[in-house]
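Open the model in your viewer and keep the selection tool ready. The stops below go from a helix packing to a set of charged pairs.

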Amino acid sequence: MNRRQELFCLEYAKSGNATKAAISAGYSQRTAGSIGQRLLKNVDIQNHLQEIQEEIDKDKIADISEIQAFWSDLFRDDAQRPTDRLKASELLAKTEGAFKGSMTGTPPQSSSIVEDWFYAVLASENSDEPPENSYK
């Protein structure tokens, strides 16, 4: 790919207009429209435009380390509301797998029939015996 074709690709990626891109790349104004269309059909040009677009898209999307850094900054910022700092710490912990695992041990005191039923079902999943039906 020559220098003018490279410039055409960069200008086309900015404007999306093949004629303007061809003129900016140094092609004749008189033939820029047809040259621009011909260049867009060139496989090397298409591949290079794809690479440019992927690079642009890559910079737009935050990766997980950027997100974690943002949450960490928010968590450590005393000027933020406590609820926002707490949510940031929760999200950081989730990304580190802090909440994985199963419910084990003694359930807390239940205050409703639904909660009692839920813990009975949960307990039965951990044993071979069916749950007792105490709500007849």
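Start by selecting helix 1 (residues 3–15) and helix 4 (residues 43–60) in this predicted model. Their axes come within 10 Å and cross at roughly 45 degrees. Look along the crossing: helix 1 passes helix 4 in a right-handed sense.

Now show side chains at the contact. From helix 1, pick Q5, E6, F8, C9, L10, Y12 and A13. From helix 4, pick I45, H48, L49 and I52. Colour this set by residue class. Eight of the contact residues are nonpolar, two are polar and one is charged.

Next, the salt bridges. How many does the structure hold? There are six. Side chains of opposite charge can pair when their charged atoms come close.

**R85 and D78**

Select R85 and D78. Their side chains meet in a salt bridge, at 3.3 Å from N to O. Is D78 buried or exposed? D78 is exposed, with a relative accessible area of 64%. R85 counts as partly exposed, at 24% relative accessibility.

**D84 and R81**

Move to D84 and R81. The side chains form a salt bridge here too, with N to O at 3.0 Å. D84 has 24% relative accessibility and counts as partly exposed. R81, at 53%, counts as exposed.

**K87 and E90**

Now select helix 6 (residues 82–95), where K87 and E90 both lie. How far apart are they along the helix? Three residues, about one turn. Their side chains meet in a salt bridge at 3.9 Å, N to O. That value counts because the cut-off is within 4 Å. Check the surface again. K87 is partly exposed at 41% relative accessibility. E90 is partly exposed as well, at 28%.

K87, E90 and K94 are linked in a network of salt bridges. Keep the three side chains on screen together to view that network.

Technical notes. Residues numbered from 1 in each chain as written. Predicted model: local features only at pLDDT ≥ 70, side-chain atom pairs only at ≥ 80, totals over all residues. Heavy atoms only, no water. Axes fitted to C-alpha atoms, helices over the stretch in contact; angles between N-to-C directions. Helix = DSSP H or I, 4+ residues; strand = E, 2+ residues; numbered from the N terminus. Left-handed = near helix turned anticlockwise from the far one by under 90°. Contact = heavy atoms within 4.5 Å. Nonpolar A, V, L, I, M, F, W, Y, C, P; charged D, E, K, R; others polar. Buried < 20%, exposed > 50% of the residue type's maximum accessible area, 1.4 Å probe, protein only.
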